[in-house]
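Hi everyone, thanks for making time.

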Amino acid sequence: MHDDRFVRHSLSALLLGASALVHADEPAQALPQVVVAASRISQLGVADSANAGVVTQQQLAARSVYRPGELLEAIPGLIVSQHSGEGKANQFYLRGFNLDHGTDLRTTVDGMLVNQRSHAHGQGWTDLNFLIPELASRLDYRKGPYYADEGDFAAAGALAVRYADTLPAGIASLGLGQNGYRRALLADSPALGKGKLLYALESFHNDGPFTRGDDYNKLNGVLRFSQGDAANGFNVTAMAYRARWNASDQIPRRAVDDGRLGRFDTVDMSDGGSARRYSLSGGWHLASAAGVTKVNASVVANRLALYSNFTYFLDDPLHGDQFSQPDRRVTSALYAEHRWGSHRVGVQFQNDNIHNGLYDTVVRQRRATTREDHIVETSAAVFYDNSTRWTPLLRSVAGVRLDHYRFDVDSILLDNSGRASANRASPTLSLIVGPWRQTELYLNAGTGFHSNDARGTTIRTDPKSGEATERVTPLVKARGYEVGLRSEALPGLQSSLSLYQLDVDSELVFVGDAGTTEAGRPSRRSGVEFSNYYKPNDWMSIDADVAFARARFRNADMAGRRIPGAVEGVASLALALDSLGPWFGALQLRYFGPRPLIEDNSVRSRSTATLNGRIGYKLGKRLKLELEGFNLANRRSSAIDYFYASRLQGEAGAVEGIHFHPTESRSFRLTLSSSF
């Protein structure tokens, strides 16, 4: 309720402020334009693979995103989904992986790792709801384990969102829309002493189309002081984010088909959660005759309270199967690198002090404890790489990374307490031929890894059954190979094509929802990706991407060899228009192909296609109005599908079937923005 009052007051204040700006007597400043036609940054002679790139601030600004995490879909081949409405971390799909909430997709914002290790709900938990899109100056991405400076979670890919130090002008914006959507943003970067003080404050509310609204409320703030330039300078940044929500988790399709549930109904009305994130970070960089040095350090405090019920009344027909997964942690990290000539050396350090648990609950009231743990997880790494140009048409990048992990678990189940450690060496090699005729050829090979949950490295006993259980492999090895081609030979067109293979070793996986381990199998992903950016003139740009993947378990099993949920085919088409007088706009078509839901491929999901768009009008030099539309075709698709057993009230026992979370129905949002 307090958040709702803040939203209303913020909207009123910003509306008055925007009005005052429009009628002020001082000379008008130019509104930061949505320059969606700006060229993509060329990667010829820069990138080490066909699947490394940069998404510019202008390209990001042209995208219509229902939730902040969807900004990452600017990366070719990446799908960002959700199975629980608002507030919870997104689901990610890339290169034949169902990455759950972030495993094998390393994500950083301003150098801070977003993936959370040994998380109560799932390893690699990547909650991007604190992201403010207007502050993102660029998005760097690299796919595959071919980079010595990328470590944990980077087997499928790594991406880095970078915030701006300064804004071209202040921003005051108000957004209103269907399904309870309200958003207010105030941001600027005035001069302070010899530097700039960037500030941003965002308030947000959304219910979605659900029978029981998500009632997602968040407050978000950023404060940054920066000084210097791209060669020499520093910044210090504080961020704060708070949110709470009702969960609209996946529901059984059988109940929708026979009319027991509506498409936007929820089974357990008490599911939901709250999250907090506070961070203090700093960056420093220096260029001199001795080389280029970069240092980033951060302290992040996260807190999550999560209540979920995916099986409804399967285990407890009377009270239901709701469980709680609280997680609170403080993460300290340091990254430093020095580059001189063709050499680069770096060190990374991270320490997580974690308190989490798993509890049985009824209407968010705790009734039993499955497990409760205090975890200290520490890692240190050193890496080196060398970039050498052997001839005008041949260069190489060779590197190696050494990681050391230490896990310390103090559990209320004493049998599952203990310490463990692990080491991993990860060599990488890239050969680049070209450019010739604006074309380069890439050959890449490397190894990477993802860490497993610390609780799985010391576990001895299943906390529910009391039976002995096997420990997990602490650091799971991945091996990747790729051949790619990038070309800008045709005027205005940038294209890249790649063929890849990625093997993940046999592993055991810690399952946060059960508090125990689950046997895994060795797997292989192979696929092809084709990405294009075309700018035929000054007022139009087109992104067209398609990717196919084949994901299989490498060992034989009676159950089958398909990997449940593994993405097989995705495609996207984005059209952006600007410089049409006062008008600008964009359209985005996203296709997410069907997927196997069980190992023998006898049950598959349906495909999902969504069309989003925006149209805008510049009311003057300082004011613009935008209308965004989501799911314009109003497709009744699934955002995500699962196959498992559940039980609803009135059912005699367990029923296996598809459970899905619907894509949101067609909706519109109107935003008025003013510069100052």
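Let me begin with what I mean by a salt bridge: a side-chain nitrogen of Lys or Arg within 4 Å of a carboxyl oxygen of Asp or Glu. Please keep in mind that this is a predicted model.

With that rule, the side chains of D327 and R329 qualify, with N and O at 2.9 Å. Are these two residues buried or exposed? D327 is buried, because its relative accessibility is 2%, and R329 is buried too, with a relative accessible area of 3%. Buried here means under 20% relative accessible area.

Over the whole structure, the count comes to 43 salt bridges. One of them pairs R67 with E86, where the closest N and O atoms are 2.5 Å apart. This pair links distant parts of the chain, 19 residues apart: R67 sits in the loop between α2 (57–61) and β2, and E86 in the loop between β2 and β3 (91–94). R67 has a relative accessible area of 6%, so R67 is buried, and E86 is buried at 2%.

Another salt bridge joins K618 and D578, with 3.5 Å between the closest N and O atoms. K618 belongs to strand β33 and D578 to strand β31, so this pair ties together parts that are 40 residues apart in sequence. D578 counts as buried, because its relative accessibility is 2%. There is also a network: salt bridges with shared partners join R106, R142, D149, E150, E337, R344 and D385.

Now to the cavities. The lining divides into 19 nonpolar, 13 polar and 9 charged residues. Several strands supply at least two lining residues each, among them β2 (79–81), β29 (523–537), β33 (608–618) and β36 (655–662). Strand β31 gives the most, with 5 residues.

A nonpolar patch of about 920 Å² is made by L393, L429, L431, V433, W436, L441, L443, V483, L485, L497, L499 and F530. Strands β23 (418–436), β24 (439–451), β25 (475–487) and β26 (493–504) each supply at least two of the patch residues. Which strand gives the most? That would be β23, with 4 residues. L441, one of the patch residues, lies in strand β24. With a relative accessible area of 30%, L441 is partly exposed.

A few backbone details to finish, for those of you who like checking torsions. G434 and P435 are joined by a cis peptide bond, with omega about 5 degrees, and P435 is found in strand β23. In the loop between β23 and β24 we find Q438, which has a positive phi of about 60 degrees although it is not a glycine. Q438 is partly exposed, because its relative accessible area is 42%.

D100 also has a positive phi, near 50 degrees, again in a residue other than glycine. D100 lies in the loop between β4 (97–98) and β5 (105–109), and is partly exposed, with a relative accessible area of 32%.

That's my tour; I'm happy to take questions.

Methods:
Residues are numbered from 1 along each chain as its sequence is written. This is a predicted model: local features need pLDDT of at least 70, side-chain atom pairs count only at pLDDT 80 or more; totals for chains, interfaces and linings use all residues. Side-chain values use heavy atoms; hydrogens and water are left out. Patches are made of residues with over 30% relative accessible area and no salt bridge: like charges are joined within 9 Å, nonpolar side chains (Val, Leu, Ile, Met, Phe, Trp, Tyr) within 5 Å. Accessible areas come from the Shrake-Rupley method with a 1.4 Å probe; for residues, only the protein chains shown count as cover. Buried means under 20% relative accessible area, exposed over 50%, partly exposed in between (1.4 Å probe, protein chains only). Ala, Val, Leu, Ile, Met, Phe, Trp, Tyr, Cys and Pro count as nonpolar, Asp, Glu, Lys and Arg as charged, and the others, Gly among them, as polar.
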